[in-house]
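Hi everyone, thanks for coming. Let me put the structure up on the screen, and then I'll walk you through a few residues.

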Amino acid sequence: MTHRERAIMALEGGQPDYVPHFELAFHETERDFDGRTFFGAPGCPSFDSAPYEQAINHNAQMYIDIAKRYGHSIICLNATKPQIYPDFVHAMASLVRIIKEKTGDEYLVLCHGDATYAIPSGMQMIEFTNRIAEDYDGLRREAGQRVASKLNDCKRLIDAGMDGFTLCSDYAFNSGPFLSQDMFADLVAPYLKQLVHGQREMGAYVIKHT
């Protein structure tokens, strides 16, 4: 079996010849690959430090080298944060095309695809909490808009060769969820369902991580 076949069989509830695995993000590149690292990752060279196409090609090869070295069945294009890329959708489309040109159908290739509300960062916590109190209906409207926009992006990525998406919005601390059950049922759950349904309608595989 190819790594891709192994991953698909597991995701569809079958029993592959051995357990497929992957990493959402791999950070030890400099240690394990003679000082090489991703362009755009925190603390690493920015995209301004090299021609853009060169940086994209370099990152694609990094993903391939990591998968080969550690026997990953899935290449997850999440080693750098989505906001790092000047144009996230264009960058992901370029990366998946390059990876598949180099490896064919050996790997299942996924990228970030969540649009649901996560625990806000420290910089956004007060603003988001205030909106819960003062603009709850606006948050609900925005939740639907976020999903619609993300599904448009996902369609472009599927057309470019992406196999699916990892949904990585975090909902809980170690001590419990950020939102109450009622708020989660209103502000997150229906939009998560809509998002996953839309992605699967495109033929995408979807993995939810939180």
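**An aspartate on the outside, and some on the inside**

Let's begin with D34, which is exposed, at a relative accessible area of 79%; for these labels, buried means under 20% relative accessible area, exposed over 50%, and partly exposed in between, with a 1.4 Å probe and protein chains only. Before I go on, a word on the source: this is a predicted model, where local features need pLDDT of at least 70 and side-chain atom pairs count only at pLDDT 80 or more, while totals for chains, interfaces and linings use all residues. Residues are numbered from 1 along each chain as its sequence is written, and side-chain values use heavy atoms, with hydrogens and water left out.

Back to D34: you'll find D34 in the loop between helix 2 (29–32) and helix 3 (52–70). Helices here are DSSP runs of H or I with at least four residues, strands are runs of E with at least two, and both are numbered from the N terminus. The phi of D34 is near 55 degrees, a positive value in a residue other than glycine.

Now, is D114 buried or exposed? D114 is buried, with a relative accessible area of 5%, and sits in the loop between strand 2 (108–112) and helix 5 (125–134). The D114 side chain has a polar contact of 2.8 Å with the side chain of K208. By polar contact I mean a pair of N or O atoms within 3.5 Å; within protein, one must be able to donate a hydrogen and the other to accept it, and residues adjacent in sequence count only if both atoms are side-chain atoms. The side chain of D114 also reaches the backbone nitrogen of C168, at 3.2 Å.

On to salt bridges, meaning a side-chain nitrogen of Lys or Arg within 4 Å of a carboxyl oxygen of Asp or Glu. How many does the structure hold? There are 13 salt bridges.

One of them pairs R31 with D32, with the closest N and O atoms 2.6 Å apart. R31 counts as exposed at 60%, while D32 is buried at 12%.

Another joins R131 to E142 at 2.7 Å between the closest N and O atoms. That pair links distant parts of the chain, with R131 in helix 5 and E142 in helix 6 (residues 136–160), 11 residues apart.

Finally, K155 bridges to D159, the closest N and O atoms being 2.9 Å apart. Both lie in helix 6, four residues apart, about one turn of the helix.
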